[in-house]
Amino acid sequence: MNRKAETPGGQSWSQPQLYEIRFKGHLSSYRAQVFEGLEMVQGPDGETVLIGPVIDQAALHGVLSRIRDLGVPLLSVKRLSADEASAGRDAAP
């Protein structure tokens, strides 16, 4: 039996899913290298937002583990819909 993994919303992991991950604090460029492949926006409010594709659930857990290992508080993890992803790209400068 060969089944594809699914996200909680029932979407297949056959395609990378776009995620927005927020945590408290800013990282040096050296420490930020562990999130290669994700766009990082460091806000003036002291929060950092990572946005980008995550290939599967194991990769998502890897990103979350790296955040935990940095000792910064995780604020939110959100899987973006195709509409939200498009809106975010359209709003970018």
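Modeller: The following account begins with the sheet and then turns to the core and the salt bridges. The model is predicted, and the description should be read with that in mind.

The sheet is open and consists of 4 strands, arranged in the order β2-β3-β1-β4 with antiparallel pairing. Its edge strands are β2, residues 39-42, and β4, residues 74-79, each of which pairs on one side only. On average, neighbouring strands of this sheet are turned by 15° against each other, direction ignored. Strand β2 is joined to β3, residues 47-54, by 4 bridges, and these two strands run antiparallel. Within β3, T48 is the residue that stands opposite Q42.

Helix α2, residues 57-70, lies across β1, β3 and β4, and runs at about 10° to β1. In soluble globular proteins, nonpolar side chains tend to be buried together. Here the largest nonpolar core has 14 residues, and those touching the most other members are I21, F23, L27, F35, L50, V63 and I67. Two or more residues of this core are given by each of β1, β3 and α2, and the largest share, 4 residues, comes from α2. L50 shows how such a residue is surrounded: leaving aside its neighbours within four places in sequence, L50 is in contact with residues including I21, F23, F35, V63 and I67. The contacts of L50 also include the charged residue E20.

E20 lies in strand β1. Because its relative accessibility is 17%, and buried means under 20%, E20 counts as buried. Leaving aside neighbours within four places in sequence, E20 is in contact with V49, L50, I51, S76, V77, K78 and L80. Its side chain also meets that of R22 in a salt bridge, with 3.4 Å from N to O. R22 has a relative accessibility of 29% and therefore counts as partly exposed.

R22 forms a salt bridge with E47 as well, the closest N and O atoms being 3.5 Å apart. This pair links distant parts of the chain, since R22 belongs to strand β1 and E47 to strand β3, 25 residues apart.

The structure holds 3 salt bridges. One of them joins the side chains of R68 and D69, at 2.8 Å from N to O. Both R68 and D69 are exposed, whereas E20 is buried.

Terms used
Residues are numbered from 1 along each chain as its sequence is written. This is a predicted model: local features need pLDDT of at least 70, side-chain atom pairs count only at pLDDT 80 or more; totals for chains, interfaces and linings use all residues. Side-chain values use heavy atoms; hydrogens and water are left out. Two strands pair if DSSP finds at least two bridges between them. Axes are lines fitted to C-alpha atoms, for helices over the stretch in contact, and angles run from 0 to 180 degrees between N-to-C directions. Contact means heavy atoms within 4.5 Å. A nonpolar core is a set of buried Ala, Val, Leu, Ile, Met, Phe, Trp, Tyr and Cys residues joined through side-chain atoms within 4.5 Å. Buried means under 20% relative accessible area, exposed over 50%, partly exposed in between (1.4 Å probe, protein chains only). A salt bridge is a side-chain nitrogen of Lys or Arg within 4 Å of a carboxyl oxygen of Asp or Glu.
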